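Work through the exercises below with the sequence and the model in view. Each task is followed by a solution in steps.

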Number of protein chains: 2
Amino acid sequence: MSNKHFNQLSRRERQIVDVLYREGEATVAEVRAAIPDPPGYSAVRALLGVLEEKGHVKHRRHGRQYLYRPTVSRSQARRAALKHVVRTFFDDSVEDVVAALMSIKSTQISAEEYKRLSKLIESERNKRGQR
Amino acid sequence: MSNKHFNQLSRRERQIVDVLYREGEATVAEVRAAIPDPPGYSAVRALLGVLEEKGHVKHRRHGRQYLYRPTVSRSQARRAALKHVVRTFFDDSVEDVVAALMSIKSTQISAEEYKRLSKLIESERNKRGQR
DNA sequence: AAGGATATGCTAAAATTTTAGCATACGCAG
DNA sequence: CTGCGTATGCTAAAATTTTAGCATATCCTT
């Protein structure tokens, strides 16, 4: 990801790449429907073309449509994105992130999920205990 | 934050705003030192000027220097940023985020911190239990 | 004092991004 | 079949972003 770093993306490029990560892959029309204050169809197409030239996305033909997807895997991109947010806004504090997550998502977390979260922390802690 | 949404920021604008959130506030020279592949001093200055015109940052004089800071509070910005990452890359799954955090930071989390994380989850769960 | 480093005020040009539109093709409904 | 909607191929212009540089001022070191 040396030359595919997300801080290299321009405004529209970033909006588009975000949509592609969220959806997995998308047609021009789908991308257009998902970006804020969208330009015309051909503008979105041209932007996807530019992103492809730069190597950030690639397309495959699906019927008569092109389906675009990011070239960097989602798992890689998410790590990078999360790291960046933790560093920029949370002083690298895991606790602060988790606290913010709880705050943001508090009405949506089920009892089951809390249980799973506890288990996850516990198992990571044990992993560490073994080191 | 209606018109101060981060997906409105251009490439350099975003790089600069990120630095300001990371550092809290900064001079032109500090911003310049912190952004990737920096242009000259006057270019950075001009960008900060543009960001100020757009209302994303403001400055105060500190001796003969200007100190710039973001207009949107860090706590607000971090919530928005985290929400965006969770949605874009983690399908809104808190668990997946926490798992990724653990994975990214595993060698840096102390036993104490694991304890505090557990407590945090537990206390959030109890809060929810009361509802 | 002089010179160099570092700061702002101001302007404009270079570079990049964003946008639209024409031509053509294909699919579908009436 | 026709017409409309939707798709790509291709091009270029409009809009925005990015960059530099001149003039002036201030601070610090020699």
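In these exercises Ala, Val, Leu, Ile, Met, Phe, Trp, Tyr, Cys and Pro count as nonpolar, Asp, Glu, Lys and Arg as charged, and the others, Gly among them, as polar. The model is predicted, so local features need pLDDT of at least 70 and side-chain atom pairs count only at pLDDT 80 or more, while totals for chains, interfaces and linings use all residues. Residues are numbered from 1 along each chain as its sequence is written, chains are lettered from A and ligands numbered from 1 in the order in which they are written, and side-chain values use heavy atoms, with hydrogens and water left out.

**Exercise 1. Describe the largest pocket by volume, lining and residue class.**

Step 1. A pocket is found on a 1 Å grid over the protein atoms alone: it is an open set of points where a 1.4 Å probe fits, with protein on both sides within 12 Å along at least five of seven lines, and its lining residues have an atom within 4 Å of a point. Grid points are joined across faces, edges and corners, and a volume is the space filled by probe spheres set on the points. For the largest pocket the volume is about 1100 Å³.

Step 2. The lining has 48 residues, and those closest to the centre are R14(A), V85(A), R14(B), H84(B) and V85(B).

Step 3. Helices (H or I, at least four residues) and strands (E, at least two) are DSSP runs, numbered from the N terminus. In both chains, α1 and α4 give two or more residues to this lining. α4(B) provides the largest share, nine residues.

Step 4. Sorted by class, the lining has 23 nonpolar, ten polar and 15 charged residues.

**Exercise 2. Describe the contact between chain A and chain B.**

Step 1. Contact means heavy atoms within 4.5 Å. Chain A brings 57 residues to the contact and chain B 57 residues.

Step 2. Buried area is the accessible area (1.4 Å probe) that two parts lose on being put together, summed over both. Here the value is about 5800 Å², with 62% from carbon and sulfur atoms.

Step 3. A salt bridge is a side-chain nitrogen of Lys or Arg within 4 Å of a carboxyl oxygen of Asp or Glu. One pair is R78(A) and D96(B), at 3.8 Å from N to O. R78(A) lies in helix α4 of chain A and D96(B) in helix α5 of chain B, so this pair joins two chains. Another salt bridge links K105(B) to D92(A), whose closest N and O atoms are 2.7 Å apart.

Step 4. On the side of chain A that touches chain B, α1, α4, α5 and α6 of chain A each supply at least two residues. The largest share, 14 residues, comes from α4(A). By class, this side divides into 24 nonpolar, eleven polar and 22 charged residues.
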